[in-house]
Structure formats: C-alpha cells, structure tokens
Amino acid sequence: MRSQQQPSEPEHLRAATRVSPAARVLSLVQRETALIVLVLLVIMCSLLSPHFLTGNNIGNLADQMAVFGVLACGQMLPILSGGIDLSVGSVLALGAFFAAAMSSHGIFAAVVVALAATGIVGFVNGIGIAYTRVPPFIITLAMLSIARGLSLQFASMANNASTSGAGAAPVSVAPGSGFQNVAETPLPFLPWNIPSGALIAALVFVALAFVLRYTSFGRHVFAVGGNEAAAMLLGVRVHRVKIAVYTFSGMLAGLAGILYASRQVSAPPTAGVTYELDAIAAVAVGGTLLTGGVGTVRGTVVGLLIIQILPNIFNLLGLGSNWQQVARGVVLLAVVILQMVILPALSIGGIPMRRGPEARGPAPTTPAPGAT
Amino acid sequence: MKPNSAAPRSSPGARPPDQPIAPGGAGNLLAGSPSAGGAMGRNALYTTHMLPWLQRYGSFLALVILVIATSVISPNFLTELNIRLQLQTFCLSYALIGVGQALVILTGGIDLSVGAVLAVGSCSAAVLMNNGYGTVVAFALPMLLCAVLGGFSGVVIAKTGIQPIVVTLAVMIAARGVAETIASAGVTYIQDQNFITYATTNYGPIPIIGLIPMSVILTAIIYLAAGFFLARTVAGRYIFAVGGNERATRLAGIPVDRVKILVYVISGLLAGLAGVLYASHNSTADPFNDGLYFELQSIAMVVVGGTSLLGGSGGIGKTLIGGLILTVLYALFIQAGWPTQTQLIANGVIVAGAVILQGGLGRR
C-alpha cells in the first residue's frame, strides 16, 4: 500500500473501518431498545383498540403520567449517582400533605412549603448517605418508613386540630383556593385534553435533561456514578453532589406530591405506596443502569411511557387487572434482559456491559469496527 | 496501578483504600461508599474504635436490653401466654422469609419478591383448600409453585448479569399479579376448619412441646436446619464463598450459578411455606395485601442481625436475633401505646441506626 497524500484517511484504513449496514442497524437497536419497544407497543395498541389514540385517552395517559413522570425524574438523579431512593413514595405523601394543608394560604405558599419540607427530607437522606458508609438502599429504606410515619402523624394531627379525633384521614385541599387548577387546567393550545400537570412534568423533563447535559453539576453526577473514587481524585466534591442529588430527589417527589394533591383534591397519608418501585422500573427500562453513570432523560421518558401504556391498554381492552400486573413485571424483565444481555452479547459496540470483573470472567471486548 | 478492568477485585468491604473502585458488581448498588470523604481511609462520622466484643455481641445485648425495657413497661410481657403470642406472631409473619432472605443476602444478592411470593403461597393454598384438595396438597403445591418462582429469579440472576434488585423487583410485580390471578375473587375465605387451626395447634398432651404452637415448632426446626446447612455443609460454605468474593469462587471451580439458583429457590420455597401458614392463621388470603412490605421487614431483620449486605458475612443465628429484636421492638411500641405512625418512624430509625453502628457494611 502506497501512502497517499490525502487530507482524509488512507484507503486501507477506510476499508478496514467500513461499517456494514447490518452492524449500523444493530448498534442503533441496542442504543435505542426502549424506544423501539415503545414504538412497537404503540403500534400494537392502536391496532388492538380504536380508542387508544383518541384525544381523551391521550389526555388520560398524560394526566396519570404527570405524577409518575416527576417521580421518575426524581429517581433518576440518585440512580445516576450510583445509589437509589426508596423513599420517594412516602415523600410524595408528605409533599401532598403540606400542599393540601397550606392550600388555604394560597398556591404559592402551598408549593413553597411542600417543596421546602420535602427538600429537607431529601437533605437528611443525602447527609446520611454521604457521611456514613451505610448503603443508600438502607438509608432510603429507613426514610421510607420514617416519612410514611410522619405523614400519618401529620395527618392525624391536622385532623385533630380541625375536627375532634378524626385520626389519620385525608387532608382536603381548601376549596376555592385555586389549588386544584395547578394540575387540572386543560391546556388550551393543544388539540388533546392534556392538563397543565403534564406540562409541568414536561418542563421538569426538559430541565433535568438540560442540567444533566450542560451543567457541571450534571457531569459530576455522572462522574460520581461512573467511578466514585476516580471522581473524588479528580476533585469532584462527591459529598456535595450526593447531598444535592438526594435533596433534589426529595424535592421532585414533593412536586409529584403537589401534583397528586391537586388532582385528587386531597392528600391521603397512604398516597404513593409502592410508587417508588414504578419510578425505578421506569428508569431501569429507559436504559439507565442501576449501577449509575449511564442514562438519559429521553430513555426515562420512554421507559415511563412503556410502563404506563400497559395498564392503559389493558383497561381499554377490558382485560382483568390481574394480568396487567403480571404483564408489567414480565415487560420490565424482558426489556432489561434485552438491553443488558442479549444485545451486548452480540458484540456490537455501544453501551458497554457494566458488570464487575468478577461476574463473568474476561468479557468479549471486540467492538465492531467504526462503532462509537 | 493496574487498570481497572484487569485488576482482580476483592470484595469492596475489604479493599485497601488505594485501589480504584470498579463499577458494576452484584453488590455495588447496595454498597455504601467505602471511602467517604477521602480516598485514603475512613472519615465517616462514626468511630471505628468500638470494642470488638460489642460488634460481636452487640445485637444480642440489644435484644436483652429491649426485653428488659419492655417487661418493665409492661409486667405482662414475660408471661407464658404473651411469650407464646409474640413468638407466634413472629413466626407467622417474617420469620421464615428472613431465613431465605439471609441466604440470598449472604451470596451478595437481595430478594425483593418474597412478599409477593408469600401472597402467591397464601392465595394458592386458599384456593386449593376451597376446592377440596386436602391439607397435604394445600401445603405442597403452593410451596412448589413459589419455589419455581424463586428458581426463575435465580436462573435469570445467575445466567444473565442483571442485578438481583431489578430481577426480583420485576418478579415481585409479576408475582403480585399471579397472586391476584389465582385468587381472582379477591379476598378468599378458607372454609376448612382443620386447616385454619393448623398453624396454631398445640400438641396438647406432649409435655413442653405441647405448650408451643405448631408454627413456632416448624419455624424453630427450619432455623436449626438452616443454621446447620449454612455452617456445616459444603453448600453452606459455598454460599459464603460466593458472597465473599464471587470471581475468586468462580475461578476456584465452584459452580457459582448453581449456588445462586439454590438460594433463590430456597427463598421462594420458604416464602411459599410462610404464605400457607399465613393463610392458615388468618383463615383468609388477600392477594392485594398479603405480604405487603414483608420483604422490607425481612431485609431489616437480616441487617439488624448483623449480616453484611455485600454478602459473605453473617449467619442464621444473627438473623434470628435480628428478627427477635424487631419483634420485641414492635411489642414495645404497642405496650407503650405508640400509634402506628410512630412505630413506622422508629422502625426506620432503628434499622438505619443498627447498620450505622455495625460500621456501615457489617463486620467482615
């Protein structure tokens, strides 16, 4: 091979790095697994039921997804940093309580107090996780219990203050405060009946994507999740990042609680039970690795849609809710297996398998030529 | 320093502070930061200067203190009737699944599905009894079904590299649906009277044993068997090995996959048994609420007892003490008249506190 005086690569290199169309497609599939599953799901659902793509149904979906969307965003931050937040369901209930309790003082007061209170809860989580060696799983598990107890306690205190001996009954949103409109007003400029709560959730998604991509804080979160010791050695303030991450998670759970209270016009202290699991499922399906360091907001949105569309289509088709549960678990498992096992095992490039060295022994490390 | 991917990594808890931490690994999600605050050693707020014996016997001491405190607050606590009642409550809720959870955690994994699998066990037992299948079938078939569910989790976890949290989360969601499908009528009442009393019968005439309800005897036998299995059999040592250092164990030729599948099968089996006993005691099976949050109780029990969440360290005896601590604690709450919400708060504080006192990740 004669070396050639060209501004681009020599010919033999180009020949070696040519990527077959098949490899390109497979690489795309691996990177966008969740999205492809979602598209297939939507197509299947619209074929199965004529009501699926109606404005009414889309509006319903958007409505339900507002609360879960904000919750999933809140869950994304701790997971990206390599931890997890099991307390978001209970913190949602706390946020809902504070919003409802303060709703008689106006929307602004309600929102501020709820966010502040849940932010404090998240801050406590963060402090515990950053400064002790206790795993985030345990700390947030403990906080799940503590926050649930607090919301029960506050509810019974609030009810005892207003009526006598009502116990832990739901706290009602003050009527006429306009609080209900926070999440319920339909947006006038869209053809479907999408309530404003969905817009708020969308704004949260966009804001989170911006922060993760374009701010140094976002970079630091990925760094801490990817390799914590390396991040620390690089000068990233790991403690501050962790505390911030869990504080934000708490605040977003509080925001979800505000939306919840606004939709339900009340704040039952049992709100949000098992919601944290749905949030984790949405984040995991969306391609965020639970070990941290890898993930996109776009993926989380897709995961959320997949998890929420299933109950929707089951209801539309009139199938029993029992099978719905089973299907959700199976779909979660299937998507995760697909993303993490089947596609990487095909030795295409793309998202690397993030298993520790002890899991499988030497892994195949031959990326497809030219794959990113 | 060797690059990350090539360095054989020992378990994070024992890692010398200057090795980089590789991402991934079974316990990573559950592991706290090994180097909080500084790359070279401990800066955590707790002290490592605790006496070694406090770490060894701390939980037992806590149990004794709790029992004393409770009997002071309520003189009825140490009566025979009450002890029997407390033990029975313990055995009928999370005692058995605690054993399974301990085995799973010892391999470095976790099983979030035990609560839902318990519901599968209770619902299938109820349905079988109501269709006239008899006690033996009503015990055996649910246990088998739940063992299969556990085996499914185990196979997926062992053969793919996916973290146990995700897999058992998915199985938990699906199993709850299975329970709802089995008990399609919702809350199911069991008509057979013999079955209903099964969990609480005593064998009256037999001295001493006659004083103890059947469920407690069964639980005691299972604890003894599990303890023996873990401490004195080869498979038990394998479990510790897998949890301690999975890669080294795999390189040593031990069938790691089979060990993992085994522990998840045992976990499912015991959850099924717990479910049958639960249905027997309550004489109903509720597919929505049976076993709800039991998995968190079982994890709390294992952790409070001193088993490390990273695996490789702990034991059945420790788990038993952890379970008894929680039982006495709940009794204390009730005796002191604290409402449910305070119990939840205190539960959380105690679990976190117990783990912090153990030095974060448990003693290795």
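**Ground rules**

I am reading a predicted model, in which local features need pLDDT of at least 70 and side-chain atom pairs count only at pLDDT 80 or more, while totals for chains, interfaces and linings use all residues. Residues are numbered from 1 along each chain as its sequence is written, and chains are lettered from A and ligands numbered from 1 in the order in which they are written.

**Confidence**

I looked up pLDDT, the predictor's confidence in each residue, from 0 to 100, and chain B averages 76, with 76% of its residues scoring at least 70. For the complex, the predictor gives an ipTM of 0.70 and a pTM of 0.76. Within chain B, confidence is highest in helix α3 (residues 95-106), at a mean of 93, and lowest in helix α7 (residues 193-198), at 62. I also marked residues 1-46 of chain B, over which pLDDT stays under 50.

**More on A:G299**

I placed A:G299 in helix α14 (residues 297-317) of chain A; helices (H or I, at least four residues) and strands (E, at least two) are DSSP runs, numbered from the N terminus. Leaving aside neighbours within four places in sequence, A:G299 is in contact with A:A34, A:G286, A:G287 and A:T288, where contact means that the C-beta atoms of two residues, placed from the backbone, lie within 7 Å. From C-alpha to C-alpha, A:G299 and A:V283 are 7.6 Å apart in space, and they are 16 residues apart in sequence.

**A loop residue in chain A**

Where is A:R133 found? I traced A:R133 to the loop between α6 (107-131) and α7 (136-162) of chain A, and A:R133 counts as buried because it has 22 C-beta neighbours inside 10 Å. Along the chain A:R133 and A:V19 are 114 residues apart, and their C-alpha atoms are separated by 46 Å.

For chain A I noted 16 helices and 2 strands, and for chain B 14 helices and 2 strands. Of the 372 residues of chain A, 52% count as buried, while in chain B buried residues make up 56% of 364. Taking contacts with a separation of 6 or more, I found that residues 24 or more positions apart account for 74% in chain A and for 76% in chain B.

**Covered helices of chain B**

I went back to α3(B), where 12 of 12 residues are buried, among them B:A95, B:G100 and B:L106. From its first C-alpha to its last, α3(B) reaches 17 Å, close to the 16 Å expected at 1.5 Å a residue; the expected span is 1.5 Å times one less than the number of residues in the helix. Just after α3(B), B:G108 takes a positive phi of about 90°.

In helix α9 (residues 234-244) of chain B, 8 of the 11 residues are buried, including B:Y238 and B:F240. What covers these buried residues of α9(B) includes α3, α8 (214-232), α10 (246-251) and α11 (256-282) of chain B.

**A helix pair**

Which helix does α12(B) pass in a left-handed crossing? I found that α12(B) passes α14(B) in this way, left-handed meaning that the near helix is turned anticlockwise from the far one by less than a right angle, and right-handed that it is turned clockwise. The contact is made by B:A300, B:V303 and B:V304 of α12(B) and by B:V351, B:A354 and B:V355 of α14(B). I then checked α14(B) itself, whose 18 residues reach 25 Å from first C-alpha to last, close to the 26 Å expected; its buried residues include B:V351, B:A354 and B:V355.

Technical notes. Buried ≥ 20, exposed ≤ 12 C-beta atoms within 10 Å, placed from the backbone.
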